[in-house]
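Open the model in your viewer and keep a selection panel at hand. The stops below go from helices to a pocket and then to single loop residues.

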Amino acid sequence: MSYNPKSLKAEEFINHEEILETLEYAENNKNNRELIEEILEKARPKKTERGVECAGLSHREASVLLACDIPELTEKMYSLAREIKEAFYGNRIVMFAPLYLSNYCVNQCVYCPYHYQNKQIPRKKLTQEEVRQEVIALQDMGHKRLAIESGEDPVNNPIEYILECIKTIYSIKHKNGAIRRVNVNIAATTVENYRKLHDAGIGTYILFQETYHKESYEKLHPTGPKHNYAYHTEAMDRAMEGGIDDVGLGVLFGLEMYKYEFAGILMHAEHLEAVHGVGPHTISIPRIKRASDIDPSVFDNGIDDDTFAKIIACIRIAVPYTGMIISTRESESCRDKVMSLGVSQISGGSRTSVGGYAGYNADERPHDTEQFDVSDQRSLDEVVRWLMEKGYIPSFCTACYREGRTGDRFMSLCKVGQIQNCCLPNALMTLKEYLEDYASPETKEIGEAMILKELENIPKEKVREIAREHLTEIEKGNRDFRF
Ligand code: SAM
């Protein structure tokens with residue numbers, strides 16, 4: 001098998017030998033100051049006639065940055081990551097919540113509490129009425145964007161069940177609430193099923209690779225359909241063939257050597273770009289957590305917070321147009337540290353159990369069917385206020401996908417620097433909706449001040465004017481404005 005980013009065969013576009021050579025190259029050059037400075041220079045945002053653009057980095061170049069541990073150069077990496085984040089994402093952080101539909105699963109992923117041999121966990125699948133109740137609870141918190149999650153079980157959770165849930169979710173209009181974007185994190189499936197998901201109006205299709213290391217992958221998924229490395233790794237190509245423009249990659253850090261995973265995920269991004277002309281919409285960076293029947297300490301490759309931060313910075317530099325997601329697996333202090341380095345989406349007020357939202361207060365959380373321990377246990381209102389106190393704009397925006405700006409059309413918006421005239425007003429308007437409908441008085445006060453201040457940062461006067469008018473309309477009770 002030789003390396004070929006354009007190949008549709010998993011072992012050619014995620015080529016083991018290429019990764020080993022990359023790691024060796026990175027190790028040999030980790031103290032090569034001249035090369036590292038050159039790489040950083042290549043990745044720096046540059047003004048072009050179209051706006052601000054970034055070249056990104058190849059997996060080899062980015063791996064050299066990740067391997068380098070010269071403090072002064074690491075600082076330069078962090079500052080470049082912040083600069084890129086600022087150029088394309090500003091101080092906005094998009095908010096979402098996971099919605100667990102079913103924990104029935106036929107796989108045996110050794111790190112996941114849903115594995116079929118786990119007899120300690122009660123199995124549960126939401127009925128459509130329960131989906132309704134969960135969605136109402138999520139809408140009442142203020143969420144507009146969900147990621148649905150499910151185990152893999154063709155009998156209990158067939159694609160028809162997932163599609164029915166998506167339909168239910170989009171149909172619920174409770175008070176001023178609405179779920180405007182449903183992202184989907186379900187097991188690898190067929191082109192035909194991806195087409196059905198596309199037709200159901202999903203946002204991003206998310207599938208974590210877990211590990212790019214084939215041998216480890218097979219050991220970590222000893223039985224069940226997920227055991228098939230090629231089928232899993234080639235899923236994004238099938239998703240794109242099925243018409244899904246936005247796909248989200250991820251690895252579960254802790255399973256394998258992080259440097260291997262880092263090179264692998266960037267190769268996957270390069271492959272999507274080479275074959276489909278558009279890279280991944282998002283990259284998620286989960287770390288293994290304690291859960292029912294799962295002890296994270298048995299996995300040897302856990303990474304500390306500093307390494308985690310460095311991975312985030314290097315991803316930001318390497319794939320500047322790809323959003324980056326961290327979940328409530330991470331604590332408040334860790335999220336605080338890494339947000340400025342490149343994270344663009346976080347979850348808030350999350351429950352990782354099936355049926356964890358409806359009927360529970362903000363400080364109550366059921367643990368029985370939980371997928372993992374939630375480190376950040378704050379309510380959405382607390383997270384929103386905290387973000388604003390740190391200078392970030394919490395955004396509930398779903399405009400791009402609803403305006404058809406997916407795939408490369410989203411990327412070109414980034415590249416022509418229209419973000420400040422589009423994403424910023426959209427963030428402010430959706431924040432305003434949140435403040436009007438769901439925020440505590442304290443959060444509302446901070447938010448109103450932030451909106452006034454941030455309005456001034458919209459470059460185009462005309463856009464600023466329209467945004468002001470829309471904000472007044474929102475105060476009068478009207479909803480759902482967007483650029
Ligand atoms: N069942 C689908 C699949 O197999 O891809 C996706 C849904 S699963 C609920 C979502 C993700 O949770 C998995 O891809 C895995 O990376 C992550 N996960 C599983 N066990 C975990 C644990 N103990 N700690 C943190 N994340 C975990």
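## Stop 1: helix H6

Select residues 128-141, helix H6: at 1.5 Å a residue its 14 residues should span 20 Å, and the end C-alpha atoms are 20 Å apart, which agrees. The expected span is 1.5 Å times one less than the number of residues in the helix. Helices (H or I, at least four residues) and strands (E, at least two) are DSSP runs, numbered from the N terminus.

This is a predicted model, in which local features need pLDDT of at least 70 and side-chain atom pairs count only at pLDDT 80 or more, while totals for chains, interfaces and linings use all residues. Residues are numbered from 1 along each chain as its sequence is written, and side-chain values use heavy atoms, with hydrogens and water left out.

Now show the side chains of Gln128, Val131, Glu134, Val135, Ile136, Ala137, Leu138 and Gln139, the buried residues of H6. Buried means under 20% relative accessible area, exposed over 50%, and partly exposed in between (1.4 Å probe, protein chains only). Contact here means heavy atoms within 4.5 Å.

## Stop 2: helix H2

Move to residues 16-29, helix H2, where 14 residues at 1.5 Å each should span 20 Å; the end C-alpha atoms are 20 Å apart, in agreement. Which residues of H2 are buried? Select Glu18, Ile19, Thr22, Leu23, Ala26 and Asn29. They cover an arc of only 140° around the axis, so they sit on the same side of H2. The arc is taken from the directions from the helix axis to the C-beta atoms. Turn to the other side of H2 for Glu24 and Asn28, which are exposed. The cover over the buried residues of H2 includes helix H3 (33-43), helix H4 (59-67) and helix H12 (258-276).

## Stop 3: the largest pocket

Next, find the largest pocket, with about 330 Å³ of space. To centre the view, select Glu273, Gly279, Ala318, Val319 and Tyr321, the closest to the pocket centre of its 20 lining residues. A pocket is an open set of points, on a 1 Å grid over the protein atoms alone, where a 1.4 Å probe fits, with protein on both sides within 12 Å along at least five of seven lines; lining residues have an atom within 4 Å of a point. Grid points are joined across faces, edges and corners, and the volume is the space filled by probe spheres set on the points.

H12 gives the largest share of the lining, 4 residues. H12 and helix H17 (407-415) each supply at least two lining residues.

## Stop 4

Pro122 lies in the loop between S3 and H6 and is partly exposed, at 37% relative accessibility. Show Asn103, Asp368 and Thr369, which Pro122 touches when residues up to four places away in sequence are not counted.

Lys175 is in the loop between H7 and strand S5 (181-185). Phi of Lys175 is positive, near 50°, in a residue other than glycine, and Lys175 is exposed, with a relative accessible area of 70%.

End at Asp293, in the loop between strand S8 (282-284) and helix H13 (305-318). Asp293, also a residue other than glycine, has a positive phi near 70° and is partly exposed, with a relative accessible area of 42%.
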